[in-house]
Amino acid sequence: MPDTSESSTAPFFPSAAGPAATLGDIILWRRPLWSALVVTVATATWVLFDVYKFNFVTVVVWIGMAVVTSLYLYGHLVRLFRKEEPDLTNRQFVREERVVEAARSVGSGIELAVRCLVRMSTNGDWRVLTHLVVELGFLAYLGSLVDFLTLVYLGVVMVMTLPLAYKKNERKILNAAVEAQTKGMQFLYMVDEKVVRRLKGKVVAVASMDEDNHNKDQKEEKVE
């Protein structure tokens, strides 16, 4: 059983600068406002598009109308109260560095997922292949039950809840995972020993018997 004394004290997301640390803070609810905003936006999106069946273009246009109207009212209220109007004409709202960094993060995630799939597929161990096929089959079954938007919403909810629950109960989860892995490996070894090896033995015995019969027939033909 692995030693979990160090893992329980180590942070789930290591402290670092940049988007990775911000994402870790949001997932672990260290920034409650941003975390609540993510859950609220995901829930509102799912309710609008999946429950009430709104059209995507319609919702985007409504949001654009609300933003334009709010900016118009804000500008007139600023002039009405004779305050200095902020100059937003030359302000850069989306920085190129952030966009490039986000694209690289997405690309790195996709590359890592593809490499993991290739490594697991070419490992040569049938247990690993069986595990991979079962997981993909479960995802396919789950996808047949719900639509894509619901699946994405469930993924967001799981990302916003499971890591925090894991951090609070890390020791119990690790002990349960080790126990489940041990029992799973024992079951696989039992199947390998009682089923796979017996089948291999029977195949080898049948092949050896066929070869002996073939050699015997050849000898009889030579004698004749």
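## About the model

Because the model is predicted, local features need pLDDT of at least 70 and side-chain atom pairs count only at pLDDT 80 or more, while totals for chains, interfaces and linings use all residues. Residues are numbered from 1 along each chain as its sequence is written, and side-chain values use heavy atoms, with hydrogens and water left out.

## Overall make-up

The protein has 8 helices and 0 strands, and its elements run α-α-α-α-α-α-α-α from the N terminus on. Here helices (H or I, at least four residues) and strands (E, at least two) are DSSP runs, numbered from the N terminus.

Of the 224 residues in the protein, 10% are buried. Buried means under 20% relative accessible area, exposed means over 50%, and partly exposed is in between, with a 1.4 Å probe and protein chains only.

Which residues make the nonpolar surface patch? They are Leu48, Val51, Tyr52, Phe54, Phe56, Val57, Val60, Val61, Trp62 and Met65, and the patch covers about 980 Å². Helix H3 (32–51) and helix H4 (56–80) are the elements that each give two or more residues to the patch. The largest share, 6 residues, comes from H4.

A word on how such a patch is found: patches are made of residues with over 30% relative accessible area and no salt bridge; like charges are joined within 9 Å, and nonpolar side chains (Val, Leu, Ile, Met, Phe, Trp, Tyr) within 5 Å. The accessible areas come from the Shrake-Rupley method with a 1.4 Å probe, and for residues only the protein chains shown count as cover.

## Aromatic rings

The structure holds 4 aromatic pairs. One of them joins phenylalanine 49 and phenylalanine 56 in a tilted arrangement, 5.9 Å centre to centre with 35° between the planes. Phenylalanine 56 is exposed, because its relative accessible area is 56%. The pair of phenylalanine 54 and tryptophan 62 is edge-to-face, because the planes lie at 70°, with the ring centres 5.6 Å apart. For reference, rings of Phe, Tyr and Trp (its six-membered ring) pair if their centres lie within 6.5 Å; planes under 30 degrees apart count as stacked, over 60 as edge-to-face and the rest as tilted.

Tryptophan 62 lies in helix H4 and, at 48% relative accessibility, counts as partly exposed. Phenylalanine 54 is partly exposed as well, with a relative accessible area of 31%. Ring pairs link Tyr52, Phe54 and Trp62 into a cluster, and these three residues are also among those in the nonpolar patch.

## Salt bridges

How many salt bridges does a search of the whole structure find? There are 4, where a salt bridge is a side-chain nitrogen of Lys or Arg within 4 Å of a carboxyl oxygen of Asp or Glu. In helix H5 (residues 96–121), arginine 115 and glutamate 111 sit 4 residues apart, about one turn of the helix. They form a salt bridge whose closest N and O atoms are 3.2 Å apart. Glutamate 111 is partly exposed, with a relative accessible area of 42%.

Elsewhere, salt bridges that share partners join Asp25, Arg30 and Arg31 into one network. Aspartate 25 bridges to arginine 30 with the closest N and O atoms 3.1 Å apart, and to arginine 31 at 3.8 Å, N to O. Aspartate 25 is buried, at 17% relative accessible area. Its two partners count as partly exposed: arginine 30 at 37% relative accessibility and arginine 31 at 35%.

## The second largest pocket

The second largest pocket holds about 230 Å³ of space. Its lining is formed by Met120, Arg127, Val128, Thr130, His131, Val134, Glu135, Gly184, Met185, Phe187 and Leu188. Helix H6 (126–145) and helix H8 (170–223) are the elements that give two or more residues to this lining, and H6 gives the most, with 6 residues.

On a 1 Å grid over the protein atoms alone, a pocket is an open set of points where a 1.4 Å probe fits, with protein on both sides within 12 Å along at least five of seven lines; lining residues have an atom within 4 Å of a point. Grid points are joined across faces, edges and corners, and the volume is the space filled by probe spheres set on the points.
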